[in-house]
Amino acid sequence: MDLTPVVEGFSVVLEPTNLLFCLVGVVIGMLIGVLPGLGPAATIAILLPITFGLEPVTAIIMLAGIFYGAQYGGTITSVLLRLPGEASSVVTVFDGHALARQGRAGTALGIAAIGSFIGGTVSIVALSLLAPIVAGFALDFGPPEYTALALLGILLVATVSSGHRLKALVAACIGLLLATVGRDGFTGAARFTFDNLSLADGIDFVPIAMGLFGLGEILYNLEERHHAVQAPKRVANVWPSRADLRASSGAIGRGSVIGFVLGVLPGGGATIASLAAYGLEKRRAKQPERFGQGAVEGVAAPETANNAAATSSFIPLLTLGIPANATMAVIFGALLIQGVSPGPQLVTEHPELFWGVINSMYIGNILLLIMSIPLVGLFVRILRVRATILAPITVLITLVGVYTVGNDVFDILLVIVFGALGYLMKKLGFEPGPLVLAFVLGSLLEESLRRSLIIFEGDATGFVTRPISGTLLAAFVVVALLPLVRAVLARRRSESKESV
Amino acid sequence: MTSDNSARLSDVVHEVEEAEHEFRPPVAGRLTDVVVGIAVVGLGVAALVGSVALGVGSPRAPGTGTWPFLVSVVLVVLGLGLLVLTGRTHDAERFTRAGWLVLAGLATMIAFVAVISVIGFEIPAALLMFVWLKFLGGESWRASIVTSLATVVAFYIVFVGLLAVPIPHMF
């Protein structure tokens, strides 16, 4: 492996602008992680307009920092207040808050920070080794492979989203349809534009992401009565003892591996990884009843895993051009805005971007470790900022921000429409994630499908007979049918139990 | 994985989901499910009709409408699936009186976009802030007025002064 581009990546990171935006990213990430409400996907969406003025590397370094920074920040509220700042820290609540009640909040936060750092770093190293290989493998992919890959990616994301699977697939279909609005790339014919000039070039990604994730989430949260938050004034003794470290070292090691693997899989990501790592530790434990009562491993495992997964979920995006989760879909959109199309050619055509972003994660994780151990008290104070004040400011930033993208009032209207849609979707059990993901993949999917059909001269069996696209489609069928098979098995089992 | 282990993990997931929904409105009734299912089918049919009008083409020569046609067919099938499942999913929430807060919030945004080209962003932005703080957030009169004005001034300095964004403004 040629190490020159890797080393050059470091010189990219160490440019003052990039260092600054790495710091800005991780600080914002920590903040939104601490504040319940907006998640990383929403925050990154709302900040998309700022990235227009930045260099591509700088922009993505900042956005990536927000993503993994949020994993660190989300822990703080889980432990101290039993209020998970992020979905990926929900499971930390059980043992983290139990530790806090025993007066050991510092230990929990310290272990989480160290675990996150190790998980993140292990994942970056593995990412550096694995990503170029995957990208090299994918260089030979033609339109049929991309069709199969994009279909599988969308299906996997829909399958593991938190709502009902059917609803997630409906959201994905709506995303695919929205992507067809505008001029057809092949024939130039206008599609679904309703003779509206503003729709002639299609719907822009920015108002969709800002509306569905940003405004949608804010409107959804309006229905919740937030109780006054009682944040402790100070957190003592953040350094975990040697015994704590010894107790959690195994959990950190296993959490890193689980997190890395689940992060790479489309639809995996930080939340699933944290759940799986917690489940594994509980199962392995000699006294599983300790879990929920303040077991350090119960904090170390999920926090390590969610950070490792956040990092490794960049692999499918940077090597295949397929985002693995909702946040990656927004970063995909950010790359497209910058004129960079993510895919296997990225590592060879834009090595400075590829390695710059990956290597910035080392720096970002060091910054986060520094911030989350000695400066944790500072972030705890942020909790006193009331959601009632932050919400309208975020709304204004969104409305003004989306205008700055194209200086078009129509974009403000669009973002409001998608905000209302995002609210309705969340309310009715449809996750907006699959919609946004399908939207960004929509044109790629359509283009490769049409090209494939032309290559195959209309014979759709061509998809199955090519080895890679055939395998991917077989995986698609397995994933699609798995829930049905499971349901049938479960019914049989319950029937046999009843007959006993 | 034995069933015992998977049961334990599903317990964890269940606890997690409950923690997330602690402050949320109750689960919606069957009527909501039916309306959602019909809406999805309707959307699918509308897209289907639109795709056919665009020209569906053939596998050998895919046309402008081919892809949207395929997606709409899937959407209709999924919508019918949702209709079959009515009453069996529990992830939709009931629309409660708190929903009015959301409508009010949306109304402030629509007012903002409706008048921004005419009178600039300052007054609608201040009004939006004020409504959200005082009526949606329950802040005090004083805090609401001061925060609204301070935010608009800050926005003016950043967007008009520093970034020179051509956002319509009054002053």
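**Entry 1: the A/B interface**

I started with the two chains together: 55 residues of chain A are in contact with 64 residues of chain B (contact here is C-beta atoms, placed from the backbone, within 7 Å). This is a predicted model, so I kept in mind that local features need pLDDT of at least 70 and side-chain atom pairs count only at pLDDT 80 or more, while totals for chains, interfaces and linings use all residues. Residues are numbered from 1 along each chain as its sequence is written, and chains are lettered from A and ligands numbered from 1 in the order in which they are written.

Which helices of chain A supply at least two residues each to the side that touches chain B? I found α8 (165-180), α9 (205-222), α11 (270-284), α18 (387-406), α19 (409-427) and α20 (432-455). Helices are DSSP runs of H or I, at least four residues, and strands are runs of E, at least two, numbered from the N terminus. α18(A) gives the most, with eleven residues. By class I got 34 nonpolar, ten polar and eleven charged residues on that side of chain A. Nonpolar means Ala, Val, Leu, Ile, Met, Phe, Trp, Tyr, Cys and Pro, charged means Asp, Glu, Lys and Arg, and the others, Gly among them, are polar.

**Entry 2: α18(A) against α19(A)**

I then looked at how α18(A) packs on α19(A). Their axes come within 8 Å and cross at roughly 135 degrees (axes are lines fitted to C-alpha atoms, for helices over the stretch in contact, with angles from 0 to 180 degrees between N-to-C directions). That makes α18(A) oblique to α19(A); under 35 degrees counts as roughly parallel, over 145 as roughly antiparallel, 65 to 115 as roughly perpendicular and the rest as oblique.

From α18(A), T398(A), L399(A), V402(A), Y403(A), V405(A) and G406(A) meet V409(A), D411(A), I412(A) and V415(A) in α19(A). I noted seven nonpolar, two polar and one charged residues in this contact.

**Entry 3: α3(A) against α14(A)**

Another pair in chain A: the axes of α3 (residues 40-51) and α14 (residues 326-337) come within 9 Å and cross at roughly 10 degrees. So α3(A) is roughly parallel to α14(A). On the α3(A) side I listed P40(A), A41(A), I44(A), A45(A), L48(A) and T51(A), and on the α14(A) side A326(A), T327(A), V330(A), I331(A), A334(A) and I337(A). The classes are ten nonpolar, two polar and no charged residues.

**Entry 4: L83(A)**

Leaving out residues up to four places away in sequence, L83(A) touches P36(A) and T77(A). L83(A) and V93(A) are ten residues apart in sequence and 7.4 Å apart, C-alpha to C-alpha.

**Entry 5: chain B and P68(B)**

Chain B comes to six helices and zero strands. Of its 171 residues, 30% are buried. I see domain 1 (26-84) and domain 2 (99-162), with bounds from an automatic or database domain assignment; 38 Å separate their centres, taken over C-alpha atoms.

P68(B) sits in helix α3 (residues 66-84) of chain B. P68(B) is buried, with 26 other C-beta atoms within 10 Å. Beyond neighbours within four places in sequence, P68(B) is in contact with L177(A), T180(A) and R191(A), and also with A47(B), G50(B), S51(B) and L54(B).

Technical notes: Buried ≥ 20, exposed ≤ 12 C-beta atoms within 10 Å, placed from the backbone.
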